[in-house]
Amino acid sequence: MSTPNSSKIQFAPAAFLHCLSGPGELNLPGMKYQLDFEKPILELQRKLDELKKHPEEHSLDVSFEEEVANIERKIEEKRRDIMAHLSPWDRVKIARHPKRPFMLDYAESAFTDFSELHGDRLFADDPALVGGFAKLADHKVLLIGTQKGRDTKENIKRNFGSAMPEGYRKALRLMKLADKFGLPIISLIDTPGAYPGIGAEERHVAEAIAVNLREMILLEVPIVAAVIGEGGSGGALGIGVADRVLILENAYYSVISPEGCAAILWKDRAAAPKAAEALRITAKDLSELGLVDEIVPEPLGGAHHDLPAMTQTLRAALLANLEELKKHSASERLKARYQKYRAYGRFVEEQKQMTGLENGEPSGNGRHGPHGS
């Protein structure tokens, strides 16, 4: 049986090991984390650093300042070109970047007076799901979100951003408290999915998420959710039922990870890039499908390249949506929220008029086809 003491040590399943390191290199302190498609930029950056370190080696045809400016311009152009041609799998890699701003980074930079609350009052506190009261400009709000770790030690503490049942029950406890006092709810989503281990199953993680879905659809206060990194399956949706769903430009939202989909459909996790494209999980795809309400642009290269700029952009988007929602009554918001989720899921069906011959039946047998009277 699982006990509170035994639950403190969790082992991440293979599906979450991507958090430990980048492709082909360890994410160790002091090392630059490099994505494979960023190699051309890194080569130019090394050239620039070397030139600044040894200015006497610059070309005699141009001044030192001109050569530095020329390389910086090439870096900017190369980065723009690369970012304009990213594949869905490339965007998944950016969403998982270990230097990407996490929930608590935004709690500190985009919000003020954040005061964290702990525990689900049933079993334990879950560090993977954080929540507390805060201020967004002049608005008092409840801020909740999933939190990953920066290194192996913190990732183990935060369970790689994968919440346990007690995390979702803590979130629901706080959301009901916010509803009681009329405080809007801001949810920042960044998780590969809810934790799928034995302890989570023993404590009914699926039931905890299902209850959150049912209760969030009925909360009378405005709810704004933003996918800031990974939006993995029910683990994300457990705090993602909202009046407005925003997504950062390089984040993704999916019913399953690309690796999980590849393992099921292609029997090979190496097919993850193909799965990422087939799943249509990028911000642009989700917007076209009507599954998100707004794409929040990121600084060139990703949110991790400029936290202050990303903070300002996200803060402005959250504020605009919150202020718009507060113009409507609770009953109007509840009705719109219900209709929003009822409209999820679209399909295209082509119906073909079938003749008796196409049915494998002889003509003139007196039977009607599928469109017969």
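Author: A pocket here is an open set of grid points with protein on both sides within 12 Å along at least five of seven lines. In this predicted model, the largest pocket has a volume of about 390 Å³.

Reader: What makes a residue part of the lining of the largest pocket, and which ones are closest to its centre?

Author: A lining residue has an atom within 4 Å of a point. There are 19 of them, and Tyr253, Ser254, Val255, Leu291 and Tyr344 lie closest to the centre. Two elements, α9 (233–237) and β9 (252–254), each give two or more residues to that lining. The largest share, 3 residues, is from α9.

Reader: How does the lining of the largest pocket divide into nonpolar, polar and charged?

Author: You get 14 nonpolar, 4 polar and 1 charged. Tyr counts as nonpolar in this scheme.

Reader: On to the helices. Why are α6 and α8 called roughly parallel?

Author: The axes of α6 (residues 165–180) and α8 (residues 205–216) cross at roughly 20 degrees. Angles under 35 degrees count as roughly parallel, so α6 and α8 are roughly parallel to each other. Their axes come within 8 Å, and the crossing is left-handed.

Reader: How do you know that α6 and α8 are in contact, and which residues make the contact?

Author: Contact means heavy atoms within 4.5 Å. From α6, the residues making it include Tyr168, Leu172 and Met175; from α8, they include Ala208, Val211 and Asn212. By class, the contact has 10 nonpolar, 1 polar and 4 charged residues.

How values were computed:
Residues numbered from 1 in each chain as written. Predicted model: local features only at pLDDT ≥ 70, side-chain atom pairs only at ≥ 80, totals over all residues. Heavy atoms only, no water. Axes fitted to C-alpha atoms, helices over the stretch in contact; angles between N-to-C directions. Helix = DSSP H or I, 4+ residues; strand = E, 2+ residues; numbered from the N terminus. Parallel < 35°, antiparallel > 145°, perpendicular 65-115°, else oblique. Left-handed = near helix turned anticlockwise from the far one by under 90°. 1 Å grid on protein atoms, 1.4 Å probe; cavity = no way out; pocket = protein on both sides within 12 Å on 5 of 7 lines; lining within 4 Å. Points joined across faces, edges and corners; volume = space filled by probe spheres on them.
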